[in-house]
Amino acid sequence: MEPAADDTACRVEVLRSIDFLPESVWHELAPPDDPLWSRTVFEAMEAGTIGPDSYAYLVVRRGPRTEAVLPLALFRNLRLDDIVGPSERQLLAPARKLAPRLLRVPMLFCGNFLGQGHVLASRPLTDEVSRLLVDAVLRFARTERLGTVVFKDFTPAGLNPLRTALSSAGFFPARSMPDTELPLSTASFDEYIEQLPAKPRRNARSNIRKFAAHPGLRMETVEDFRPLVPQMLGLYRQVMDRADQRLDVLDAGFLTALAASPGPDRRLVACFDGEHGDRLVAFLLCLFSGSGATGARIGLDYTLAHEARLYHNVHYAAIRLALDTGCRHIRFAQTAYTPKVEFGCRLIQQSYAITHLRPLPRAVLRRLLPAALAAARTQALGPHLPARATRPPSRPDQKGVPSPCPE
């Protein structure tokens, strides 16, 4: 007997909360070694007010089987001056003062708002499922009146199954900031320091000595960090006040929800100053899943940060913790590339796929946005931009002429 049509045809559903998606389905499809894809993180995002106005999940089903899940983050009025670099923000300051509404745009982000983009699926996406997903994204954006649509921070491998459907629907690619990942191949932190190249090894030991020169400072690992949330927010605000971009800003609701069920998959690397009332002076929020760890967000007391090398030492503590936990890699945020490359991190290429529902804004975005994002990326990466290939000289006078090959 042939299966009924309902058992072979795919359909797309829109769920307005992760609560409507069975835990068994999420655990089956989510990347097992990426802590930012844990269900707890998505529940905490929905509990907090970190940027998006709401969330949704596109679910592709074939009969009773879930073929794919794509999380969505909805912005009714995203402030453009919060997501550009400092020079661009300065140029936009007059417009913000005279006509602030011009800098607020409705936007739909597809993927993981806080992490690397994926379509959750237990097997490679078929052309049919990819086309259904992209069509459903655009249909949802029209229904919600969200003009700009972005598939956020997808790796080339993550975008490949979607490229044909995205291109046919008018999406264009643009490089985003690379992710930073430190492979962990040593058995201990001392071995990790020992295998660093000479200059980073000297710098690491110097940073550790400068921290140790402040005997009142101590590092701790805290599982239930709810009592520390008010202090964490104060330190986090100091970091965000200095940040070039502020697409997401963690709040008490997010942090409290994340810490509500303390356990080994989320811990706080916390630095306390015992000489000044045992106050929190730095933290790095660490998440764990399978063989992967993430140093998700940081907070620093800048009156002490440089002198005691707090930034470096909370990262060292996170690396030590990840090694002790048996992780094979730890990821950090898309900022401060120089110290992270010195830690030994590799840069993971990521891209956006972008469109607008109307042809004219889409054409303007296609013309202007990739160049603007490339400029911001170049400024952020500085000396860590991938080297361009060079063509072997064919004549003596051509020596040193750069190749036109793209990056």
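Biologist: What is a salt bridge?
Modeller: Side chains of opposite charge can pair when their charged atoms come close. For a pair to count here, a side-chain nitrogen of Lys or Arg must lie within 4 Å of a carboxyl oxygen of Asp or Glu.

Biologist: How far apart are the closest N and O atoms of Arg-16 and Glu-144?
Modeller: This is a predicted model, so the distance is a computed one. Arg-16 and Glu-144 form a salt bridge. Their closest N and O atoms are 2.5 Å apart.

Biologist: Which parts of the chain does this pair link?
Modeller: Arg-16 and Glu-144 are 128 residues apart. Glu-144 belongs to helix H5 (residues 127-144), while Arg-16 sits in the loop between strand E1 (10-15) and helix H2 (23-29).

Biologist: Is Glu-144 buried or exposed?
Modeller: The cut-off for buried is under 20% relative accessible area. Arg-16, at 43%, is partly exposed. Glu-144 has a relative accessible area of 13%, so Glu-144 is buried.

Biologist: How many residues apart in sequence are Arg-346 and Glu-181?
Modeller: Arg-346 forms a salt bridge with Glu-181. Arg-346 lies in strand E13 (residues 346-348) and Glu-181 in strand E7 (residues 179-183), so the pair ties together parts whose separation in sequence is 165 residues.

Biologist: Which residues are linked in a network of salt bridges?
Modeller: A search of the whole structure finds 21 salt bridges. The residues linked in a network are Arg-62, Arg-65, Glu-67, Arg-123 and Glu-128.

How values were computed
Residues are numbered from 1 along each chain as its sequence is written. This is a predicted model: local features need pLDDT of at least 70, side-chain atom pairs count only at pLDDT 80 or more; totals for chains, interfaces and linings use all residues. Side-chain values use heavy atoms; hydrogens and water are left out. Helices (H or I, at least four residues) and strands (E, at least two) are DSSP runs, numbered from the N terminus. Buried means under 20% relative accessible area, exposed over 50%, partly exposed in between (1.4 Å probe, protein chains only).
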